[in-house]
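Please open the structure in your viewer and keep the selection tool at hand. The stops below go from one selection to the next.

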Amino acid sequence: MKPELPQQEEYLLSYQQQILLASNSNWQKQAQADVLNVKRHEQLSDGSEIDIRMLPDQTPVLMQSVQLDDLGWQVAVISRLGNVARVKQQAQLYALGGCIAFSLFLLFLRERHLKNLSRQETRRALEQHEAQQRDIINTAHVGLISLDSTGAITFINPMAMQQFGVSMPRILGLHISDLIAPDVAAEVLRRTLSRLGSNSFAPITAQETIGNRSDHSRFPMLFSIKQMSREPEAVYLVTVIDITPRKRLERALQEANDQLESKVRERTRALEETQGELVQAEKMAALGRMSSAVVHELNQPLTALKTYVAICRQLIELHDLAQLDGNLQLINDLTARMATITQQLKVFAFKKPEHLQPVAPAESLQQVLNLYSGRLQEQQISVEQDLPESGVVVAGDSARLEQIFVNLISNACDALQGQDDPRLKVAIRLDGEQVLITIEDSAGGLDPEMAQQMFEPFFTTKSIGQGLGLGLAIVRSIVQDLGGTIQAYTDDGWSCFRIVLPHYQQKETDSWNGSGEN
């Protein structure tokens with residue numbers, strides 16, 4: 001047999017705490033305190049009180065009773081707390097489910113509202129963005145044209161319409177090649193336009209070409225094309241920049257450059273002519289400075305010539321032919337010496353020859369020392385020479401080499417003027433494939449700053465009227481023409497000038513030419 005399940009609720013009728021009737025027959029005729037012997041009260045959250053009793057089997061129950069005042073009877077309903085707990089749990093679950101459903105409903109309404117707001121904001125942002133894009137496109141200072149995959153024009157902004165002189169209805173549907181001059185379009189541009197809509201398309205940036213206006217006039221422009229999208233169909237954006245003002249400025253700049261170059265060439269020719277005149281003037285000034293030494297050198301042989309001529313006349317009268325022949329030989333030597341001296345004057349009176357030949361610098365230096373022998377003796381300058389006997393030659397001409405030595409020795413004599421124990425050292429030696437020439441004087445050395453500037457034209461430390469400041473500049477120019485270098489420095493209190501020239505080799509031709517004039 002199945003055990004009898006306890007009833008969820010029990011009923012009883014009692015009078016003066018004595019049970020008269022009960023749904024449980026075991027409770028009848030018993031005292032209410034024996035059946036429900038424990039009593040306690042609990043207060044609910046709403047302030048009401050409930051009566052909790054314990055059955056004999058220690059099962060807690062809820063007792064709800066009503067007092068019949070006219071009869072004094074008490075009718076009570078006994079509910080087991082387990083049932084109450086299940087009801088309470090079900091009520092809580094129903095309440096929780098309702099709250100969750102309500103919360104989900106509120107959340108759904110909120111999300112729907114937020115989504116609607118987001119859609120509205122997105123729509124407003126898109127409208128604003130599209131308006132900004134339209135404004136940018138319409139106010140852009142460059143022409144913008146959109147093309148489809150066939151090259152047909154689908155949109156053109158106002159600047160492009162102004163550039164090509166067309167209207168929107170008139171140009172829509174035309175091919176982009178109609179806006180480009182066909183006879184000047186570059187091959188790259190033609191090839192790019194022929195590949196529109198294919199995977200081999202390559203963009204073009206700032207391709208210079210010529211545009212066609214509606215009135216058949218043309219203008220220079222920079223053409224760019226780029227693919228924008230491929231869904232659902234490829235779209236291409238063309239950028240056009242009118243470079244007419246730039247071309248006008250380029251032409252004006254080119255004309256200005258041509259004029260400037262022409263003026264520069266004219267000024268250069270004038271400066272070259274002036275430089276030649278100044279160089280020649282410096283040569284003539286050097287000739288004037290040497291005139292006293294030349295006069296001194298010529299006076300001695302002229303006096304001797306007069307003496308020998310008088311002696312020759314007496315010998316003719318005495319018929320002493322042997323002695324006469326010796327005197328005539330002396331007269332010939334004196335005239336040769338005078339010719340050598342006067343030949344130096346031609347070096348300065350005329351411009352240098354262009355064709356260079358092998359020259360011994362020691363011979364040229366010796367001739368200059370002979371020329372300045374009078375001044376050297378007058379200033380009591382002792383000269384130390386270290387010159388090779390033969391075999392040391394350079395490619396040049398004697399006139400320019402002598403001009404180098406004349407300027408350097410003249411400057412040395414000027415520097416040694418008034419010096420105690422003036423001395424001059426000259427040396428020429430062969431160092432491998434180079435010829436080293438040094439001219440030194442004991443004038444006390446050179447100022448470092450002056451040594452750097454002394455080869456510049458018109459730089460001089462002499463007083464006004466004593467020199468133009470072109471002597472050392474001419475020397476440097478000649479040395480450079482001969483393929484060499486010159487350096488000024490101080491060595492142990494001596495002012496030194498060191499010239500390095502390439503040694504003349506037999507394989508070189510005698511027609512080796514210098515460059516420039518001095």
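A charge is taken to sit over a ring if NZ of Lys or CZ of Arg is within 6 Å of the ring centre and within 35 degrees of the ring normal. In this predicted model, select Lys425 and Trp494 to see such a case: the charged end of Lys425 sits over the ring of Trp494, at 4.3 Å from the ring centre.

Showing residues 423-431 and 434-441 then brings up strands β15 and β16, which run antiparallel and are joined by 8 bridges. In their hairpin, 2 residues lie between the strands, and Gly432 has a positive phi near 70°.

Of the 8 residues in β16, 7 are buried, so that the strand is mostly covered, buried being under 20% relative accessible area.

Now turn to the aromatic rings, where the count comes to 2 pairs. Select Phe164 and Phe219, whose ring centres are 5.5 Å apart and whose planes meet at 65°, so the pair is edge-to-face. Phe164 lies in helix α3 and Phe219 in strand β10, 55 residues apart. Phe164 is buried at a relative accessible area of 1%, and Phe219 is buried at 1%.

Finally, select Phe201 and Tyr236: with centres 4.9 Å apart and planes at 65°, this pair is edge-to-face. Phe201 lies in the loop between α5 and β9, and Tyr236 in strand β11, so the pair ties together parts 35 residues apart in sequence.

Definitions and conventions
Residues numbered from 1 in each chain as written. Predicted model: local features only at pLDDT ≥ 70, side-chain atom pairs only at ≥ 80, totals over all residues. Heavy atoms only, no water. Buried < 20%, exposed > 50% of the residue type's maximum accessible area, 1.4 Å probe, protein only. Helix = DSSP H or I, 4+ residues; strand = E, 2+ residues; numbered from the N terminus. Pairing = 2+ DSSP bridges. Phe/Tyr/Trp six-rings, centres within 6.5 Å; stacked < 30°, edge-to-face > 60°.
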